[in-house]
Amino acid sequence: MAYKKTSTYVARPVDANGNAAYTDEENQIWHELITRQIPIVQGRACDEYMRGVELLNLPHDRIPQCHEVSSVLRDITGWALEPVPALIPFDRFFNLLANRKFPAATFIRTREELNYLQEPDIFHEVFGHCPLLTNQAYADFTHTYGKLGLKASPQDRVMLAKLYWFTIEFGLIQTAAGMRIYGGGILSSMGETPYALESSVPQRKAFDVLEVLRTPYRIDIMQPIYYVIDSFDVLFHLIDMDLIDLIHQARQLGMYEPVYATDSQP
């Protein structure tokens, strides 16, 4: 998501075949990230996400190329992974989603930031988000969200970013087996994955779109509030709502006071 103004990272350019040339060290970092995260998400991620992990069959020994991930997504939901620079403006972000293209910055975090990175790198985008782009309801919501964002005013885009944050990035879902995670911001974090489900610190609230739109958030701490959907149908039904009108309602009602339960990093 395009929410950070500056970056210390430079994305790898892609060649005519769509391949980025990653170093051995970068591939090793991917290996360490994915091999330690897969056991952490098991039993915590929702079944739809885990099925997506199986379908994508991501390599463990190297960073996957965007076209490799796209070849799987296109066959299932019509989506593709689009290589982008480290940062992109909101216009391009929404335009890509509106065209069923998920942006993926072609860089990976350094070893110094292995456990936590504020901006989305290739591991966050591919491992965190792409498995659920194999789920039709999730994919359709993301597509509609992009189309809506393209037409929205700058002020309304800020509120749409909040909806994205509490669903696509940091959403929880109630299942027959118990509460599970579907937010990519959680699932790509070794610290926040267990914290989101098992810590007594954060609040876990039933999803209500007006409540979400009135809730402040920060990107640099463990989340103090998570919103829980009952099923992916909740996201699908959001497509039929007048989200811009709900944004205006939320603005009229006013924002809640920030609740920041902890300053620890994810």
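Biologist: Which Phe and Tyr residues form one aromatic cluster?

Modeller: First, a caveat: this is a predicted model, where local features need pLDDT of at least 70, side-chain atom pairs count only at pLDDT 80 or more, and totals for chains, interfaces and linings use all residues. Residues are numbered from 1 along each chain as its sequence is written, and side-chain values use heavy atoms, with hydrogens and water left out. Rings of Phe, Tyr and Trp (its six-membered ring) pair if their centres lie within 6.5 Å; planes under 30 degrees apart count as stacked, over 60 as edge-to-face and the rest as tilted. The cluster is made of Phe 90, Phe 93, Phe 94, Phe 141, Tyr 145 and Tyr 164.

Biologist: How many aromatic pairs does the structure hold?

Modeller: A pair of aromatic rings is described by the distance of the centres and the angle of the planes. Counted over the structure, the aromatic pairs come to 18.

Biologist: What kind of aromatic pair do Phe 93 and Phe 94 form?

Modeller: Phe 93 is buried at 1% relative accessibility, and Phe 94 is buried at 0% (buried means under 20% relative accessible area, exposed over 50%, partly exposed in between, with a 1.4 Å probe and protein chains only). Their ring centres are 5.5 Å apart with 65° between the planes, and that makes the pair edge-to-face.

Biologist: And why is the pair of Phe 141 and Tyr 145 tilted?

Modeller: Phe 141 and Tyr 145 sit four residues apart in helix H6 (residues 136–151), about one helical turn; helices (H or I, at least four residues) and strands (E, at least two) are DSSP runs, numbered from the N terminus. Both Phe 141 and Tyr 145 are buried. The ring centres are 6.2 Å apart, and the pair is tilted because the planes are at 45°.

Biologist: Switching to sulfur, how many disulfides does the structure hold?

Modeller: A disulfide here is a pair of cysteine sulfur atoms within 2.5 Å. Take Cys 46, which is buried at 0% relative accessibility: the nearest cysteine sulfur, in Cys 130, is 14 Å away. The disulfide count is zero.

Biologist: On to charges. Which residue pairs with Glu 25 in a salt bridge at 3.0 Å?

Modeller: A salt bridge is a side-chain nitrogen of Lys or Arg within 4 Å of a carboxyl oxygen of Asp or Glu, and the structure holds nine. The pair links distant parts of the chain, 86 residues apart: Glu 25 is in helix H1 (residues 24–41), and its partner is in the loop between strand S2 (101–105) and helix H5 (122–129). Glu 25 is partly exposed at 39%, and the partner at 3.0 Å, N to O, is Arg 111.

Biologist: Which residue joins Glu 25 and Arg 111 in a network of salt bridges?

Modeller: Arg 111 is partly exposed, at 33% relative accessibility. The residue linked with Glu 25 and Arg 111 in the network is Glu 32.

Biologist: Which backbone oxygen does the side chain of Thr 77 reach?

Modeller: Thr 77 is in the loop between helix H3 (66–76) and strand S1 (80–84), and is buried at 9% relative accessibility. Its contacts (heavy atoms within 4.5 Å) beyond four places in sequence include Arg 100, Thr 134 and Ala 139. The oxygen its side chain reaches, at 2.7 Å, is that of Leu 133.

Terms used. Polar contact = N/O pair within 3.5 Å; in protein donor to acceptor, adjacent residues only side chain to side chain.
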